[in-house]
Amino acid sequence: MAATCSSVATAFDVLHDQEMQPLPLPLPSNLRPTLLEPRPFRPFKSSEEYLYAMKEDLAEWMTALYGLDIQADTFLQVLETGVLLCRHANNVRKMALEYQQSGSNGLTYPVPDREVTYRTDVVPCTFQARDNVSNFISWCRSLGIYECLLFETDDLVLRKNEKSFILCLLEVARRGSKVGMLAPLLVQMEEEIDREIAKIGRAHV
């Protein structure tokens, strides 16, 4: 289920109780990565540690998807030109269209009617880079992501609100996972929890 304004990225709380295994999600050959490995359990003593853990998760996910060397410490720096974000947006759209064309049911969000246009030859903090990021945000909006889960260009480019950007990217990852893209470990755990809850519910029917 896509996140709402009142329920955003809560699965990390479960790490205090148990560790979930990642789930195999099918991908086309051009996007098929090695499945993410679960990291050792560790409690988070502050919101800063929690935010850093999310960056670690997303950096590992992007590395697996696109064969890049992205670390938590360089995560925002790699994405601030908007190039990789727009590239990922177009891959999500492509897979969502293929999902629809295959006759599969259950897609609960709109598929953007056009690809994101962006420039690849951009320098961080320039107008062109900011335009790329802005185009990605507009694409997220056309994907049906709630306004409260979107971010502003300066949240990424000027690091004004890293958390806002990260939560938006997690929501994009959730939607990609619905059509077969590999999800970050956090989203995999959320999906495992949803399945366990559904299983318990069926057992009591």
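Trainee: How many salt bridges does the count come to?

Mentor: This is a predicted model, in which local features need pLDDT of at least 70 and side-chain atom pairs count only at pLDDT 80 or more, while totals for chains, interfaces and linings use all residues. Residues are numbered from 1 along each chain as its sequence is written, and side-chain values use heavy atoms, leaving out hydrogens and water. A salt bridge requires a side-chain nitrogen of Lys or Arg within 4 Å of a carboxyl oxygen of Asp or Glu. By this rule the count is 10.

Trainee: Which residue forms a salt bridge with E162?

Mentor: The closest N and O atoms of the pair are 3.2 Å apart. E162 belongs to helix 6 and its partner to helix 1 (residues 47-66), so the bridge ties together parts 107 residues apart in sequence; helices are DSSP runs of H or I, at least four residues, numbered from the N terminus. The partner is K55.

Trainee: Is R174 buried or exposed?

Mentor: Buried means under 20% relative accessible area, exposed over 50%, and partly exposed in between (1.4 Å probe, protein chains only). R174 has a relative accessible area of 5%. Therefore R174 is buried.

Trainee: Which residues do salt bridges that share partners join into one network with R174?

Mentor: R174 meets E171 in a salt bridge at 2.9 Å, N to O, and E190 at 2.8 Å between the closest N and O atoms. R174 lies in helix 6 and E190 in helix 7 (residues 185-203), so that pair ties together parts 16 residues apart in sequence. The network joins R174 with E171, R175 and E190.

Conventions: Helices (H or I, at least four residues) and strands (E, at least two) are DSSP runs, numbered from the N terminus.
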